[in-house]
Amino acid sequence: MDLKRVCTTVAIVFCSFQLASSDPDCKNLRDRGDEIEACCQLEPIIPQSEADDCSSAAADASHPHEAMMCVLQCKLESLGVMNGKQLVPEKVLEYANRFEGDWKEKAVEIATMCNERLSQNKVQIDEKAEQQNCSPAGGILMMCLMKQTFETCPADKWQNTDFCNKLKSGECMKRRSHH
């Protein structure tokens, strides 16, 4: 399985534990990594295809959600984006700055915004990380980068399908009701 697909799937699954939609087009997101990645034809800000194989990082996890967080944390550590349970915001910006032209400007803007969001929620994220073997910060970062990339994807790079448009609009990520 392609490493980029694994990380996209991990980010989607991470959020799908907390988010859901009753729309049948939004079901089984964890199995649709290739479709999700194909929605916006831009190179990802974090080059997950260059990350180490981290499948063994799941071994110490107590449940599947934690296993996915541990694999993603390991991959992001191999890229320098995480140092242990902490994000390295400068590295996120470094990756965004590797592009040229309009996408570079937009990628830096997205990376800056996602770094700021994680910084604003650092206390809560660190509290969660203390209770687990691995931090949710990597999954939160990757989901933020993906959502912002989708929101700003140029029309000529966007796959105008029902599925992609539902992802972009957030329809597939509606919060579960707590009845």
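A disulfide joins Cys-114 to Cys-144, with the two sulfurs 2.1 Å apart; a disulfide here is a pair of cysteine sulfur atoms within 2.5 Å. The torsion about this S-S bond is -90°, and the link is left-handed. It connects distant parts of the chain, with Cys-114 in helix 5 and Cys-144 in helix 7, 30 residues apart. Cys-114 is buried at a relative accessible area of 0%, and Cys-144 counts as buried too, at 9%. Buried stands for under 20% relative accessible area, exposed for over 50%, and partly exposed for anything in between (1.4 Å probe, protein chains only).

A word on the background: this is a predicted model, in which local features need pLDDT of at least 70 and side-chain atom pairs count only at pLDDT 80 or more, while totals for chains, interfaces and linings use all residues. Residues are numbered from 1 along each chain as its sequence is written, and side-chain values use heavy atoms, with hydrogens and water left out.

Now for the overall fold. The chain has eight helices and two strands, in the order α-α-α-β-β-α-α-α-α-α from the N terminus. Helices (H or I, at least four residues) and strands (E, at least two) are DSSP runs, numbered from the N terminus. Of the 179 residues, 45% count as buried. Among contacts with a separation of 6 or more, 71% are between residues 24 or more positions apart, where contact means heavy atoms within 4.5 Å.

Back to the disulfides, of which the structure holds six. Counting bonded cysteines along the chain, the pattern reads 1-12, 2-11, 3-10, 4-6, 5-8, 7-9. One of them joins Cys-40 to Cys-153, S to S 2.1 Å. Its torsion is about 95°, so this disulfide is right-handed. The two cysteines sit 113 residues apart, Cys-40 in the loop between helix 2 (33-38) and helix 3 (64-78), and Cys-153 in the loop between helix 7 (137-152) and helix 8 (162-169). Both Cys-40 and Cys-153 are buried. Another disulfide joins Cys-54 to Cys-74, again with S to S 2.1 Å. Here the torsion is about -70°, so the link is left-handed. Cys-54 lies in the loop between helix 2 and helix 3 and Cys-74 in helix 3, so the pair ties together parts 20 residues apart in sequence. Cys-54 is buried at 1% relative accessibility, whereas Cys-74 is partly exposed at 23%.

Helix 5 (residues 101-120) also carries Ala-111, which is buried at 0% relative accessibility. Leaving aside neighbours within four places in sequence, Ala-111 is in contact with Val-92, Leu-93, Ala-96 and Leu-145.

Next come the rings, with two aromatic pairs in the structure. The rings of Phe-99 and Trp-103 have centres 5.6 Å apart and planes at 50°, so this pair is tilted. For Phe-150 and Trp-158 the centres are 5.2 Å apart and the planes at 75°, so the pair is edge-to-face. Rings of Phe, Tyr and Trp (its six-membered ring) pair if their centres lie within 6.5 Å; planes under 30 degrees apart count as stacked, over 60 as edge-to-face and the rest as tilted. Phe-99 and Trp-103 are buried, as are Phe-150 and Trp-158. Trp-158 also has the charged end of Lys-168 over its ring, 4.6 Å from the centre. For such a charge, NZ of Lys or CZ of Arg is within 6 Å of the ring centre and within 35 degrees of the ring normal.
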